[in-house]
Amino acid sequence: MGFSTSGAVLVILVGFLLAISAIVPTVFSVGAETGAAFAAQNDQFREQQNTAIAIESFEYTDGTNETDAVVNVTNNGAASLSVTMTDVVVNGQFYPTQGVDEETTVLAGSTERNRSDVWLPGTHLEIEIVDDRIDDEIGLTGNESEDSVRITTKRGVADSAAITT
């Protein structure tokens with residue numbers, strides 16, 4: 001083996017080491033990010049599995065006390081929910097609950113809490129639907145085949161029901 005062969009092997013070896021030194025940190029970085037993504041996905045899945053809601057009633061009140069309908073939803077899951085992060089859709093239109101207010105009440109037994117954003121497991125959320133509260137009227141009729149509500153939590157767990165009179 002001559003000097004030229006040894007020199008060529010040395011140049012190739014140095015190039016190989018430089019390439020590896022650039023690739024290895026990238027591979028470790030990608031592996032760490034992938035692991036973090038899987039951990040976050042597992043956390044979200046666990047939170048979703050611990051969340052359950054059920055609409056107990058959706059009743060038409062025909063404008064009694066300026067309220068057109070009342071929705072009563074129970075938190076059947078093991079996790080506390082946020083009233084602010086709970087969405088209401090009535091007849092296909094988003095109904096803003098504005099979090100905690102006089103029309104949105106958490107019921108814990110006989111105790112009413114209309115200033116709390118925490119919706120604990122086993123408690124009920126009562127939402128009063130006022131038809132003229134939003135720009136586009138919802139048009140509640142009291143007819144089961146026409147009126148419906150869908151409640152969705154922050155974690156994507158939802159339930160829907162038709163209105164009863």
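The model is a predicted one, in which local features need pLDDT of at least 70 and side-chain atom pairs count only at pLDDT 80 or more, while totals for chains, interfaces and linings use all residues. Residues are numbered from 1 along each chain as its sequence is written, and side-chain values use heavy atoms, with hydrogens and water left out.

**Overall form**

- Read from the N terminus, the order of elements is α-β-β-β-β-β-β-β-β-β-β-β.
- The radius of gyration of the protein is 28 Å, whereas a compact globule of 165 residues would have a value near 15 Å; this radius is taken over C-alpha atoms, and the globule rule is 2.2 Å times the number of residues to the power 0.38.
- Along the principal axes, the C-alpha atoms fill a box of roughly 100 × 35 × 25 Å.
- Of the 165 residues, 30% count as buried, a class that means under 20% relative accessible area, with exposed set at over 50% and partly exposed in between (1.4 Å probe, protein chains only).
- Among contacts (heavy atoms within 4.5 Å) between residues at least 6 apart in sequence, 59% join residues at least 24 apart.

**Surface**

- The protein exposes about 10,000 Å², of which carbon and sulfur atoms supply 54%; accessible areas come from the Shrake-Rupley method with a 1.4 Å probe, and for residues only the protein chains shown count as cover.
- Leu-13, Phe-16, Leu-17, Ile-20, Val-24 and Phe-28 make a nonpolar surface patch of about 590 Å²; patches are made of residues with over 30% relative accessible area and no salt bridge, like charges being joined within 9 Å and nonpolar side chains (Val, Leu, Ile, Met, Phe, Trp, Tyr) within 5 Å.
- Phe-28, placed in helix α1 (residues 3-49), counts as exposed because its relative accessibility is 61%.

**Salt bridges**

- The count comes to two salt bridges, each defined as a side-chain nitrogen of Lys or Arg within 4 Å of a carboxyl oxygen of Asp or Glu.
- Arg-46 is paired in a salt bridge with Asp-43, with the closest N and O atoms 3.1 Å apart, and both residues lie in helix α1, three residues apart, about one turn of the helix.
- Arg-155 forms a salt bridge with Glu-47, in which the closest N and O atoms are 3.5 Å apart; Arg-155 lies in the loop between β10 (148-152) and β11 (158-162) and Glu-47 in helix α1, so the pair ties together parts that are 108 residues apart in sequence.
- Arg-155 is partly exposed at a relative accessible area of 24%, and Glu-47 is partly exposed at 37%.

**Residues around strand β4**

- Thr-86, in the loop between β3 (81-82) and β4 (87-90), is buried because its relative accessible area is 3%.
- Leaving aside neighbours within four places in sequence, Thr-86 is in contact with Thr-97, Trp-119, Leu-125, Ile-151 and Thr-152.
- Asp-87 has its place in strand β4 and is partly exposed, with a relative accessible area of 34%.
- With neighbours within four places in sequence left aside, the contacts of Asp-87 are Phe-94, Arg-150, Ile-151 and Thr-152.
- Asn-91, found in the loop between β4 and β5 (93-95), has a phi near 50 degrees, a positive value in a residue other than glycine.

Notes: Helices (H or I, at least four residues) and strands (E, at least two) are DSSP runs, numbered from the N terminus.
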